[in-house]
Amino acid sequence: MTDEEAIEAELPLESAGSRLTRAREAAGISRAQLAGITKIPERHLCAIEAGDFAALAARTYAVGFSRSYARAVGLDESEIVAQVRGELAKLEPETRRSLPAFEPGDPARLPGRRLAWLAALAALVVVVGGFAVWGSHYLPGGSLPSLVSDAPPAPATSAAPAPPAMPGNGSVVFTALEPDLWVKFYDAAGNQLMQKQMALGETYTVPADMPGVQLWTARPQSLAITIGGQAVPKLSDVQQTMKDVPVSATALLARPAAGAIVSMPPSGEAAPVVQQRQRAAQRPRVQQSPAVQPTVEATPIAAPSAEALADPAPVPVADR
């Protein structure tokens, strides 16, 4: 062995921190830039370069941070890690225990920021949900009734349903429920407003400013009627010819039920005759007094004559 080799052997080996520092400076990377690349705090980088591994939380952090440091500056990771472990063994004998599955400080193995936020949010949801279940079980919101109260509990009352609102004097709309439905609308003077065969679903709105509008159709059961958007009973539930039927809102609301409507005869009898029959049917009947038996007047009996008195023959009696 030469003198130079002997001197070199006696000199202390370069520490892992010194090698990492020299490689970083040779690459022209500042410590702040390296912290941004490796995601390792700058104070931990200073501790690694100084070989002050006691400043780190555990030996696992020293190994993981040194590995990331070596990768960033282009050194052999396994060689640096082996040297760091050797230096740690000199400081404190390594206890025989299983190492964690990953070493902190390795950005490739650390969870991302988004995953960390999701994990924190999930933990918060679990805590809030557990508190809600616990509170509902041990702290019920309702209070128990008093055991010393003399007043009986009030019975539960159910509100009666409100009666359906009657339609007002709104727009009168007829809608065809069958195809080819013939209708004729006209005013009080007989002037035609509309006459056609309505298609299925076709509508006709009665002019609100025209009084005395009437309807003529043979299929009233196929006409749906609404007043102000609310449905009202049909003119009839069966097929029949109806003519001169007032279709204003007031007239439709004043009509009786559909089954009580008197239909027009097929012979085309005039409306006044039908109206006369309706009035006659609605006129109250006059009660007749019991029949009086005729009084039969008796025929006066004539006084007997003197001859009759002398003759004992019976006196004739008038027929009663």
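In helix α4, the buried residues are His44, Leu45, Ala47, Ile48 and Glu49; buried here means under 20% relative accessible area, with a 1.4 Å probe and protein chains only. Helices are DSSP runs of H or I with at least four residues, strands are runs of E with at least two, and both are numbered from the N terminus. The model is a predicted one, so to speak of a local feature takes a pLDDT of at least 70, side-chain atom pairs count only at pLDDT 80 or more, and totals for chains, interfaces and linings use all residues. Residues are numbered from 1 along each chain as its sequence is written, and side-chain values use heavy atoms, with hydrogens and water left out.

Helix α3 (residues 31-38) has its own buried set: Leu34, Ala35 and Thr38. These residues lie on the same side of α3, because they cover an arc of only 105° around the axis; the arc is taken from the directions from the helix axis to the C-beta atoms. As a rule, an α-helix has 3.6 residues a turn, so residues three or four places apart point the same way. The buried residues of α3 pack against α2 (16-26), α4 (42-50) and α5 (59-73). Just past the end of α3, Lys39 takes a positive phi of about 60°.

Now for α2 and its partners. The axes of α2 and α5 come within 9 Å and cross at roughly 30°; axes are lines fitted to C-alpha atoms, for helices over the stretch in contact, and angles run from 0 to 180 degrees between N-to-C directions. That angle makes α2 roughly parallel to α5, a label for angles under 35 degrees. On the α2 side, Leu20, Thr21, Ala23 and Arg24 meet Tyr69, Ala70 and Val73 of α5. By class, this contact has five nonpolar, one polar and one charged residues; Ala, Val, Leu, Ile, Met, Phe, Trp, Tyr, Cys and Pro count as nonpolar, Asp, Glu, Lys and Arg as charged, and the others, Gly among them, as polar.

Helix α6 (residues 77-91) also meets α2: their axes come within 9 Å and cross at roughly 145°. Here Ala16, Arg19 and Leu20 of α2 touch Glu79, Ile80, Gln83, Val84 and Glu87 of α6. This contact divides into four nonpolar, one polar and three charged residues.

How values were computed
Buried < 20%, exposed > 50% of the residue type's maximum accessible area, 1.4 Å probe, protein only. Contact = heavy atoms within 4.5 Å. Parallel < 35°, antiparallel > 145°, perpendicular 65-115°, else oblique.
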